[in-house]
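Here are a few friendly notes to read alongside the structure. They follow the contacts between the chains, one pair at a time.

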Amino acid sequence: MTTQKKLSLICFSGDFDKAVATFTLASGAAAVGYEVNVFFTFWGYNIIKKKKGRAFQGKGILGRVFNFLMGGVGNLPLSRLNFGGISPKLMTHMMKSKNVATLQELIDAAVALRVNFYACEMSAVILGTENDDYIQVKERLGVAKFLHLAEGGQVLFI
Amino acid sequence: MTTQKKLSLICFSGDFDKAVATFTLASGAAAVGYEVNVFFTFWGYNIIKKKKGRAFQGKGILGRVFNFLMGGVGNLPLSRLNFGGISPKLMTHMMKSKNVATLQELIDAAVALRVNFYACEMSAVILGTENDDYIQVKERLGVAKFLHLAEGGQVLFI
Amino acid sequence: MTTQKKLSLICFSGDFDKAVATFTLASGAAAVGYEVNVFFTFWGYNIIKKKKGRAFQGKGILGRVFNFLMGGVGNLPLSRLNFGGISPKLMTHMMKSKNVATLQELIDAAVALRVNFYACEMSAVILGTENDDYIQVKERLGVAKFLHLAEGGQVLFI
């Protein structure tokens with residue numbers, strides 16, 4: 001009897017490039033039979049918001065302003081050489097022209113391959129958002145439960 | 001006989017948000033019985049300086065200038081949308097108003113829960129600082145000793 | 001019979017300070033007998049380019065422009081307080097004056113200690129570069145093969 005291999009990712013950063021890394025790892029591992037858990041927290045939580053543009057969401061003035069400023073998956077900045085948001089668009093163009101999966105395609109693949117999405121309880125409370133504001137969040141977790149889920153596998157902080 | 005679970009964190013970044021992540025993980029894991037080791041290096045080393053404001057510390061002009069520029073735990077920048085240091089203060093305000101532990105409370109919890117703090121030998125040498133400049137450093141380590149400590153547990157680079 | 005300990009690093013960031021962390025860990029672990037695998041991807045790929053300065057390399061206008069903008073190992077920015085590239089030079093000066101190994105010395109040590117360098121297939125395709133543009137790339141890999149290599153050891157995302 002063999003146990004299923006496991007990869008758990010803490011998706012902390014909301015940068016475009018690190019989101020590409022997260023979903024490349026998630027979908028790539030799921031494709032070869034790994035159980036994959038992605039825990040979205042802080043800026044990373046922003047990647048899976050249903051609203052892809054800027055919107056005042058959540059509760060409390062500050063929560064709403066932060067949600068607006070972060071935008072959604074359509075506004076992720078590159079961690080370097082962002083040039084006011086032009087670079088992520090150029091990079092998506094390069095990925096398409098080289099037949100490499102774009103970020104949106106990688107997210108869709110992760111969903112299709114049944115990657116488990118978990119949300120950080122604390123981030124949700126601070127921003128005042130609901131599970132329904134995000135795509136396919138299985139559950140909201142704290143540290144203890146996440147560590148329990150990740151046990152016996154690899155864990156990366158991205 | 002069961003062995004104690006273990007979590008080891010390399011706290012490299014000195015960003016406010018990543019410091020929150022480090023100490024949330026550290027205190028959360030310690031609270032459920034994990035042995036937790038945090039290895040402070042580079043910018044992360046700055047988080048546990050006793051002096052929370054800006055101060056010329058350490059040896060050599062450059063070491064002293066870097067220490068001053070980094071400031072202490074009271075000067076950690078947000079990795080994005082920092083707005084000249086206003087955002088970490090707003091975020092602390094949001095955390096308090098939602099009854100979520102602030103960074104200082106998380107650090108205090110980690111200390112109370114006997115999380116082991118280790119300092120990077122190399123960072124200390126470059127900055128010319130002493131153990132006594134930091135809160136509760138158990139020992140100064142290099143890579144080999146840290147890897148040995150972390151063996152058999154999860155390791156995250158933050 | 002004991003199996004060799006293993007450390008696998010995903011070198012994603014091309015920051016000077018994170019490059020120092022990557023090669024300190026890689027050479028430190030290799031020095032105490034670990035099998036060490038470093039997977040260079042995205043900005044990190046830039047660290048091991050043979051051309052250390054800025055050069056239009058690769059295929060396609062955008063690939064060539066990105067390669068130029070990133071420069072090589074001589075142009076890595078500090079993740080904070082970069083001051084237009086002055087800080088990495090000051091830091092190298094500080095490392096030398098304290099007899100701490102510089103980034104170039106750490107890279108040379110990793111090569112001498114037979115650390116395995118792998119390149120991200122997707123990054124190479126997007127940039128349009130060849131293995132020969134980089135120092136000592138053993139193989140180009142995707143996620144599945146990297147996870148397979150890393151199995152049974154520690155993995156860090158840097």
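1. Let us start with charge pairs between chain B and chain A: in this predicted model, the rule finds one salt bridge across their interface. The partners are Lys5(B) and Glu151(A), whose closest N and O atoms are 2.9 Å apart.

2. Which elements of chain B give two or more residues to the side that touches chain A? They are helix 1 (16–31), helix 3 (86–97) and strand 5 (154–157) of chain B. Helix 1 of chain B gives the most to this side, with eight residues. By class, the side of chain B that touches chain A divides into 19 nonpolar, six polar and five charged residues.

3. For the extent of this interface, 30 residues of chain B are in contact with 27 residues of chain A. The area buried between chain B and chain A is about 2,500 Å², and carbon and sulfur atoms give 77% of it. The count of residue pairs in polar contact between chain B and chain A is four, with both residues at pLDDT 80 or more.

4. How many residues of chain C are in contact with chain A? There are 27 of them, and they are in contact with 30 residues of chain A. Chain C and chain A bury about 2,500 Å² between them, with 77% of it on carbon and sulfur atoms.

5. Four residue pairs, both members at pLDDT 80 or more, are in polar contact between chain C and chain A.

6. On the side of chain C that touches chain A, at least two residues each come from helix 2 (61–70), helix 5 (121–127), helix 6 (143–150) and strand 5 (154–157) of chain C. Helix 2 of chain C has the largest share, five residues. This side of chain C has 19 nonpolar, four polar and four charged residues.

Note on methods: Residues numbered from 1 in each chain as written. Chains lettered and ligands numbered in written order. Predicted model: local features only at pLDDT ≥ 70, side-chain atom pairs only at ≥ 80, totals over all residues. Heavy atoms only, no water. Contact = heavy atoms within 4.5 Å. Buried area = accessible area lost by both parts, 1.4 Å probe. Salt bridge = Lys/Arg side-chain N within 4 Å of Asp/Glu carboxyl O. Polar contact = N/O pair within 3.5 Å; in protein donor to acceptor, adjacent residues only side chain to side chain. Helix = DSSP H or I, 4+ residues; strand = E, 2+ residues; numbered from the N terminus. Nonpolar A, V, L, I, M, F, W, Y, C, P; charged D, E, K, R; others polar.
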